[in-house]
Amino acid sequence: MNQLQLFLPCAAGVEDFLATEVQAITTSAHDQRTRKMRGGVMVDGSWRDAMQLNLRSRLAQRVLVQLYHGEYRNERDLYEAASRVAWEIWFTPRETFKIEITAQHSPLTSLNFAALKIKDAVADRFRAKTSVRPDVNTQWPDVRIHAHLTTDTVTLYMDTSGEPLFKRGWREDKGDAPLKETLAAAMIAASGWDARTPLYDPCCGSGTIVIEAAQIACNIAPGALRRFAFEKLLPFQRHVWTALLEQAQAAQHAPTTDVFGSDVAHRMVDFAQRNAQRAGVAHAVNLRGGDALQRRPPAPAGVMLVNPPYGERIAVAGVAGTPARSAGREAAQTDDGGDFFPQLATHWKKHYAGWTAWVLTPDLKLPSRMRLKESRRVPMWNGPIECRLFRFDMVAGSARERAPTAPSPT
Ligand SMILES: C[S@@+](CC[C@H](N)C(=O)[O-])C[C@H]1O[C@@H](n2cnc3c(N)ncnc32)[C@H](O)[C@@H]1O
């Protein structure tokens with residue numbers, strides 16, 4: 001298990017940050033080779049690296065071991081391909097399994113049928129080798145096999161993660177529009193936050209950004225609270241995994257800086273507080289109720305990271321916003337019908353000199369709406385929604401303002 005080809009899928013736009021993260025996590029291994037691909041990163045690594053990446057990656061969606069890559073034309077070729085993989089070194093027929101199939105421009109008419117052929121090949125190979133066929137369980141499989149089809153190639157992977165990695169194991173209290181943990185981590189990575197500068201999310205909701213940041217400030221591994229599919233695979237050795245967990249535990253420390261969050265909805269602040277407790281960072285985050293249009297900076301200077309509300313009427317009286325009847329997702333209005341973002345910009349210009357604000361938005365015209373000139377724009381995807389992470393530098397005296405000219409659409 002010393003030379004595995006590991007593929008870590010991630011959201012589009014996150015590949016560069018993930019490649020840097022993968023290199024940092026796997027530096028102990030020799031001869032690491034990391035290759036950026038569209039939608040993920042490929043790295044040569046060991047079984048131990050696969051476990052470390054599951055434990056420590058904040059940006060990957062999962063960690064897959066590539067077991068086959070070749071050409072195909074039809075379902076019979078898929079059956080042949082899956083028959084050639086030595087599944088019996090990965091699991092026994094006592095484990096249940098499932099085929100997860102994805103495709104890009106595949107000529108096949110039914111992906112379900114393609115998955116069925118791969119499933120048959122796996123089961124038939126087990127029957128030939130052991131006289132027993134493993135069962136399929138589509139809901140809670142012990143083992144997930146991923147198949148990815150392009151126009152003419154098939155790649156088969158063993159999934160070492162199981163539940164996707166954004167499920168860190170601490171979220172029980174969700175808000176209405178929680179950010180995925182992996183996307184919050186991507187915002188933090190893109191901002192270049194050094195974990196020494198104070199960080200503040202003035203619309204923190206259930207606390208995703210501040211909890212990710214606080215875990216970074218305390219060096220808490222994101223996967224320390226959850227189980228992984230690799231624990232049911234044959235190469236798994238409990239003592240090696242326990243040692244990795246103990247190492248991670250021993251590396252935790254007191255927070256290197258202050259992390260602040262606030263939200264106008266007190267219910268959300270309660271959620272964030274409970275989530276922070278489960279994530280082991282209740283001591284490292286400072287959470288409050290409060291309107292972002294009124295709250296003063298919690299430190300003289302720092303970094304704001306914000307996933308602001310969209311398409312909702314914002315209540316200033318301490319309750320969650322309700323969807324505005326006619327608002328598009330780019331619109332957000334205050335209780336009195338005013339436009340939220342210009343008011344937020346005015347507040348920041350007046351009180352937040354010395355701060356840098358990073359705002360994730362699907363509204364590509366947000367800078368002109370706020371009459372601020374962005375100093376960076378990073379493309380990011382929130383699920384299927386194309387977003388930008390805009391950086392605004394709130395310069396002492398006055399912010400970098402822009403004339404309300406027509407914005408460029410990218
Ligand atoms: C898109 S959600 C943020 C979700 C958050 N990132 C999470 O992961 O749960 C926007 C949040 O802004 C809050 N909000 C709306 N208006 C606000 C205001 N004027 N001041 C502060 N927070 C506000 C909402 O209560 C909501 O929790």
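Author: H8 is followed by Gly-280, whose phi is positive, near 80°. This is a predicted model in which local features need pLDDT of at least 70 and side-chain atom pairs count only at pLDDT 80 or more, while totals for chains, interfaces and linings use all residues. Residues are numbered from 1 along each chain as its sequence is written, and side-chain values use heavy atoms, with hydrogens and water left out.

Reader: What makes H8 a helix, and why does its span agree with 13 residues?

Author: Helices are DSSP runs (H or I, at least four residues), as strands are (E, at least two), numbered from the N terminus. H8 covers residues 266–278.

Reader: Which residues of H8 are called buried?

Author: Buried means under 20% relative accessible area (exposed is over 50%, partly exposed in between; 1.4 Å probe, protein chains only). In H8, Met-268, Val-269, Phe-271, Ala-272, Asn-275 and Ala-276 are buried.

Reader: How do you know that they are on the same side of H8?

Author: The arc is that of the directions from the helix axis to the C-beta atoms. Theirs is only 155°, which puts them on the same side of H8. An α-helix has 3.6 residues a turn, so residues three or four places apart point the same way.

Reader: What covers the buried residues of H8?

Author: Contact means heavy atoms within 4.5 Å. The cover includes helix H6 (208–217), strand S9 (259–263) and S10.

Methods: Expected span 1.5 Å × (residues − 1).
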